[in-house]
Amino acid sequence: MARTSVRPRARATAPARARAVAAVEPGVLDPRAWRIRTAKLPVWPLAGMFALMPLWWGLGVWYFAWPFFGVVLLALLTTRGDVRLPTGTWLWLILLGIIAISATRLERVTSLFVFGLRLGHLFTALMVGIYVYNLARDRVSWVRIANPLAVFWLAMVVLGWLGVLAPKFSTASPFQMVLPHSVQGERFITDISRLDATEFNPLSRNPIYRPAAPYPYTNNWGTAYCFLVPFVLSYLTSVRRGRMRVALLVSLPLSIVPAFLTLNRGMFIGLGAGVLYLLGREIARGRVRLLLPIAGIVLAGWVVTLFIPVVDLITNRTTTTDTTSDRFDLYVQTWAAVLHSPLLGFGQPNSVDTTHAAEPLGTQGMIWQLLYSHGIPATVCFYVILLVLTRRLAAAVTPTGLWLSCLPVIAAIVTPFYSYIDPNMSVLLFAVGLGLAAVDGPVNREPKESRS
């Protein structure tokens, strides 16, 4: 009986199959040709937005150009493809949809420009968050991603000191000079295109000059400070060397002076809430890692109060002005108006006389702007977004991630006092995007990227 030899079948490898299909393409024989390659997103758009902020502010186009940067980020994301969506993206898209529909409640067609500008800021903030998240998940160096926002912080501190040293600095920007007279009559347009170092009451006999630049209002400066201080601390705990680290270490105590002179009570409340949230989390887990840096910050703040009587200044401001009664009167009138259009609001804030001043309904706080301009569903959606982000970032365990995890909490706490449908929303989602990337997957914390 003859033996039958059975030869084992050999499984073709990827290069072998390639030779059978395209023998004329020698490059296909390289195993690396079979890897799926996705181009990395560039960092320069973030540098153009945040690091060049002083330029856009000096030209008077900062608020107007911001939505166009969002379009650039969207174009780069869609061109690259393979976009990862961070937690809360779909809720944010629902929020944008509700706000877009609320445009039907506008009374004047001319109001569409300001409405579109605010909607553009919200859209840009979402693009910034997605862009930063994808950069970090693509293992782009954490330092390269964070540096534009770090430069933004340094510029804000410098401009804050401009308000301290030259409080009466005020001039028309180049962009404001070329605006049509009909547009210059809009108070909001004038405010965001003019260059003012401080905000003050021109009708007061003894005005209090509060640092505001590069923002039109000092409350915006305080909001940015709330969002950026945790980011700076996260940067310092992550990056152990480099000139940017030295600059941030020097700028942090220097920033306390203009911050205190803003006399922003909501800013102190927001930062205090963020610190209490972090301490509560750490104590619940039996850790005390953040006690030392928090104690250092509190000590630096106390030293500044020895030279700047912050409590006395705030008390003097609240006793010599009607800011508290005006705010309360504005809140009451805003809520009464919301009940007449609870689903979609009125599209945008509307001017009304308060007890002692004329202020638009739907201002003086994020919650009031959302309720009055876009209705109760949009407001609820926004708070759900902050809750979802807080829950996801609660997974952070490193000091860097912990500092970033308090940002949604701070953002929620300051909503009764400050509105941030402006570049500050992008500042918030920039830092949150970094935090989400860190908890969703490994990020590259090396100072220089690997060339391999």
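Predicted model: local features only at pLDDT ≥ 70, side-chain atom pairs only at ≥ 80, totals over all residues.
1. The cut-off for buried is under 20%.

2. Which residue meets arginine 80 in a salt bridge? The partner is aspartate 138, with N to O at 2.8 Å. Aspartate 138 lies in the loop between α6 (112-137) and α7 (142-165), while arginine 80 belongs to helix α4 (residues 62-80), so the pair ties together parts that are 58 residues apart in sequence. Aspartate 138 is buried too, with a relative accessible area of 14%.

3. Now the other salt bridges. The search of the whole structure finds 5. One of them pairs aspartate 191 with arginine 187, and their closest N and O atoms are 3.8 Å apart. Both residues sit in helix α10 (residues 187-193). They are 4 residues apart, about one turn of the helix. Arginine 187 is partly exposed, with a relative accessible area of 47%.

4. Another salt bridge joins the side chains of aspartate 196 and arginine 194, at 3.6 Å from N to O. Arginine 194 counts as partly exposed, at 29% relative accessibility. Elsewhere, Arg80, Arg84 and Asp138 form one network, joined by salt bridges that share partners.

5. Next, helix packing. Two packed helices are described by the angle between their axes and the distance between the axes. For helix α5 (residues 89-101) and α6, the axes come within 11 Å and cross at roughly 170 degrees. An angle over 145 counts as roughly antiparallel, and α5 and α6 are therefore roughly antiparallel to each other.

6. Which residues of α5 meet α6? They are Thr89, Trp92, Leu93, Leu96, Ile99 and Ala100. On the α6 side, the residues are Phe115, Leu119, Leu122, Phe123, Leu126 and Ile130. By class, this contact of α5 with α6 has 11 nonpolar residues, 1 polar residue and no charged residues.

7. The loop between α5 and α6 holds serine 111. Is serine 111 buried or exposed? Serine 111 is buried, with a relative accessible area of 5%. Its side chain makes a polar contact with the side chain of glutamine 348, at 3.2 Å. Leaving aside residues up to four places away in sequence, serine 111 touches Leu106 and Gln348.

Notes:
Residues numbered from 1 in each chain as written. Heavy atoms only, no water. Salt bridge = Lys/Arg side-chain N within 4 Å of Asp/Glu carboxyl O. Helix = DSSP H or I, 4+ residues; strand = E, 2+ residues; numbered from the N terminus. Buried < 20%, exposed > 50% of the residue type's maximum accessible area, 1.4 Å probe, protein only. Axes fitted to C-alpha atoms, helices over the stretch in contact; angles between N-to-C directions. Parallel < 35°, antiparallel > 145°, perpendicular 65-115°, else oblique. Contact = heavy atoms within 4.5 Å. Nonpolar A, V, L, I, M, F, W, Y, C, P; charged D, E, K, R; others polar. Polar contact = N/O pair within 3.5 Å; in protein donor to acceptor, adjacent residues only side chain to side chain.
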